[in-house]
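Subject: Structure handover

Dear colleague,

I am passing on the structure shown below, together with some notes on what was found in it. Please read the notes with the structure open beside you.

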Amino acid sequence: MNILTSIFLTVRNFLFPGVCVLCNETLLKPDEVKFGLCKNCSNIEYNSLNGTCKICGKPLISEIETCLSCRNEKRIYDSLWTLFPYTGRYRKLLAFYKFGKTPALADFFAEKITKIIEENPQLKDAEIVPVPPRKGKIKETGWDQVEYLVKRLANYKINRCLRRKKSKVQKNLNRKERLENLKGRIYCEGSAPKTALIIDDIITTGSTMEVCADVLKSAGAERVYGLCLFFD
C-alpha cells in the first residue's frame, strides 16, 4: 500500500466512519475508528480450553505444554505465538485486513503483539523480522499486509533482512510441497539479529516459518521466535 493510498484511507475513515468488522455497529469514537472495531469487539481474546503449545502456539487438545506434532517433529524456531484461530468470526478479521478492506486493523493487531512482547522476557531484545512477500504479490494486491503491520511496531527495532525470490503461490500446496517451493528462495541480506521475532499473518503447515527460521539461524541468529496473527 503506497503512502497516498494510506493517507486517503486514514482520512476517509475519520470523515466517514465505517462499521465494525465483527458486529456491524457504526464506528464513532476515535479509538473505534483507529482499530476498525467497536469497543466491545476490540476486547476479544482467544483462550484455548487446554492452553496452547509452548512451541508452535496452536491450541492443545489433551496434551500438556507441547502438542503431539511438535513432540514428533523438532521445530527450527524456538517458540511461536498466535493470536486467533482462522475460523468463525476471527476469520473475518483476516479477510477484512488482508484484502485491504479495513487496514485500520493493523493497529489492533499491533496492540496485541506489543502485549505479547512485553509479557515475555525472552523477546525483550528481539528484533522484528517481517516475512518477505512473494515476488509479484505487491503488484497483484497493491500492498504487503505484513509490512504495513510492522510499521505500527515502531517502538521496536525492525530488521528487514529476509528477501524472497520468485516462487509458486503456497495456498494449494501441502507441507512437503511448500518446503520444497521455498527451498533456496528465501535468503538473508545483511546481518541477522541475535534474537529475532518473525512476524507473519497466518500459519498453516508452518513451512514458511521453518524456512525463515532456518535462514536466520544459518546467518548467525542465536534465538528465533515467531508470531502469527492466525493459525489454521
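How are H4 and H5 oriented to each other? In this predicted model, helix H4 (residues 88-98) and helix H5 (residues 105-119) pack at an angle of about 125°, with their axes 10 Å apart. The two helices, H4 and H5, are therefore oblique to each other. On the H4 side of their contact are Leu93, Phe96 and Tyr97, which meet Leu105, Ala106, Phe108 and Phe109 in H5; by class, seven residues of this contact are nonpolar, with no polar and no charged ones.

A further helix pair is formed by H8 (residues 175-182) and H9 (residues 207-218), whose axes are 9 Å apart and which pack at an angle of about 35°, in a crossing that is right-handed. Here Arg175, Arg178, Leu179 and Leu182 of H8 meet Ser207, Thr208, Glu210 and Val211 of H9, and the contact of H8 with H9 holds three nonpolar, two polar and three charged residues.

Turning to the strands, four of them make an open sheet with parallel pairing, in the order S1-S6-S5-S2. Strand S1 (79-85) and strand S2 (127-130) each have a single partner strand, so one side of each is left without a neighbour in the sheet. From one strand to the next, the twist averages 20°. S2 is joined by four bridges to strand S5 (residues 195-203), where Ile198 is the bridge partner of Val129.

Finally, H4 lies across S1, S5 and S6, running at about 100° to S1, while H9 lies across S1, S2, S5 and S6, running at about 165° to S5.

Terms used. Residues are numbered from 1 along each chain as its sequence is written. This is a predicted model: local features need pLDDT of at least 70, side-chain atom pairs count only at pLDDT 80 or more; totals for chains, interfaces and linings use all residues. Side-chain values use heavy atoms; hydrogens and water are left out. Axes are lines fitted to C-alpha atoms, for helices over the stretch in contact, and angles run from 0 to 180 degrees between N-to-C directions. Angles under 35 degrees count as roughly parallel, over 145 as roughly antiparallel, 65 to 115 as roughly perpendicular and the rest as oblique. Contact means heavy atoms within 4.5 Å. Ala, Val, Leu, Ile, Met, Phe, Trp, Tyr, Cys and Pro count as nonpolar, Asp, Glu, Lys and Arg as charged, and the others, Gly among them, as polar. A crossing is left-handed if the near helix is turned anticlockwise from the far one by less than a right angle, and right-handed if clockwise. Two strands pair if DSSP finds at least two bridges between them.
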